[in-house]
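Please examine the model shown below.

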Amino acid sequence: MSTAVAERLRRAFEPGPRGALGLADALVAAAREGAIRCVWAGGCVRVTPADGEPFDVTLPKSVFRAALARVAALCNEHRPGSVTPYRGDAPLLAGDPPAPVFVAFVNTPDEQRLDARLAPVQVTAPAVPHTNGVSATAPA
Amino acid sequence: MILLHGTTRRRAEHIAAHGPDPRYREPGGGTRDDGFSMNLETGPFHFGHPEEYARGKATEYPDEGGPVILAVDVRDEIVARSATEWFPLSQGLVQFDTGAGLEELLAAWPALPKEIRSLT
């Protein structure tokens, strides 16, 4: 993982206009360029890029839990029922243009972690049609 | 405004009676300090629907009476206190943390209208 990607990862943990949604999107998008592991403990997230030095970022637990909840929702938007809000491993589509990323996560009161990497095989887009202009899978 | 929290019936009844316990200890787990998460009834549900949380929790704790939704009518000014740069209300998630609405929520809790909605 390049220095630039690591820097983008660090910036993902700074609050922006999209709040916790933006954090989740940035983490899974970064996985398109190299596997990452994020584990929360003691007030910090330890971010471990596959080919880079780990670093710690101070972050409230509730923010990281919300980001993991968003990851779960993205999995279920892509494949309904593929994960629970509390744990799972499944593909999702990340970034623009969307690319397949495979995630494994745990989001319980006692453990919060995310592993994300580029999916090894192409996954298909969700086969849910729009009805009356409203997506049947994605929340508003 | 109406806020929703998906959980098990046992937990919902305890929360309704005593208020959220941000240091609730899961069976077999350690002490937590997660604040208290709810979602606007009107959505959006970017972080998952409360029903999913209720069903997931009921699956993990099958002896707790099944999945339910705790619906609480929280005054707008208390909800507004929860909004932070990480949790804008426009995203639907209402995260009550210490210093971000939790104290106000707990103080008002006994008088807030509440309802436990069963899920089939």
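In this predicted model, Met38(B) stands opposite Val94(B), a residue of strand 4 of chain B. The strand numbers follow DSSP runs counted from the N terminus, where a helix is a run of H or I with at least four residues and a strand a run of E with at least two. Strand 2 of chain B, residues 36–40, pairs with strand 4 in the antiparallel sense over four bridges; two strands are said to pair if DSSP finds at least two bridges between them. Both strands belong to an open sheet of five strands in chain B, with the order 4-2-1-3-5 and antiparallel pairing. Its edge strands are strand 4 (93–96) and strand 5 (114–118) of chain B, each of which pairs on one side only. On average, neighbouring strands of this sheet are turned by 30° against each other, direction ignored. Helix 1 of chain B, residues 9–18, packs on the sheet and touches strand 1 (2–8), strand 2, strand 3 (67–73) and strand 5 of chain B. The direction of helix 1 makes about 135° with that of strand 1 of chain B. Axes here are lines fitted to C-alpha atoms, for helices over the stretch in contact, and angles run from 0 to 180 degrees between N-to-C directions; contact means heavy atoms within 4.5 Å.

Chain A also holds an open sheet: six strands in the order 3-2-1-6-5-4, with antiparallel pairing. Strand 3 (55–58) and strand 4 (87–94) of chain A stand at the edges with a single partner strand each, so one side of each has no neighbour in the sheet. Neighbouring strands are turned by 20° against each other on average, direction ignored. Strand 4 of chain A pairs with strand 5 (residues 99–108) of chain A in the antiparallel sense over eight bridges, and the bridge partner of Ala90(A) is Val103(A) in strand 5. Helix 3 of chain A packs on this sheet, touching strand 1 (36–41), strand 2 (44–49), strand 4, strand 5 and strand 6 (111–118) of chain A. Its direction makes about 130° with that of strand 5 of chain A.

A cis peptide bond, with omega about 5°, joins Asp96(A) and Pro97(A). Pro97(A) lies in the loop between strand 4 and strand 5 of chain A. In chain B, a cis peptide bond joins Gly43(B) and Pro44(B), again with omega about 5°, and Pro44(B) is in the loop between strand 2 and helix 2 (50–60) of chain B.

How many residues does each chain bring to the contact? Chain A gives 27 residues and chain B gives 24 residues. About 2,100 Å² is buried between the chains, 60% of it on carbon and sulfur atoms; buried area is the accessible area (1.4 Å probe) that two parts lose on being put together, summed over both. One salt bridge is counted between chain A and chain B, a salt bridge being a side-chain nitrogen of Lys or Arg within 4 Å of a carboxyl oxygen of Asp or Glu. Arg87(A) forms a salt bridge with Glu60(B), with the closest N and O atoms 3.3 Å apart. Helix 2 (19–30) and helix 3 (61–78) of chain A each supply at least two residues of the side of chain A that touches chain B. The largest share of that side, nine residues, comes from helix 3 of chain A.

Residues are numbered from 1 along each chain as its sequence is written, and chains are lettered from A and ligands numbered from 1 in the order in which they are written. Local features need pLDDT of at least 70, side-chain atom pairs count only at pLDDT 80 or more, and totals for chains, interfaces and linings use all residues, while side-chain values use heavy atoms, with hydrogens and water left out.
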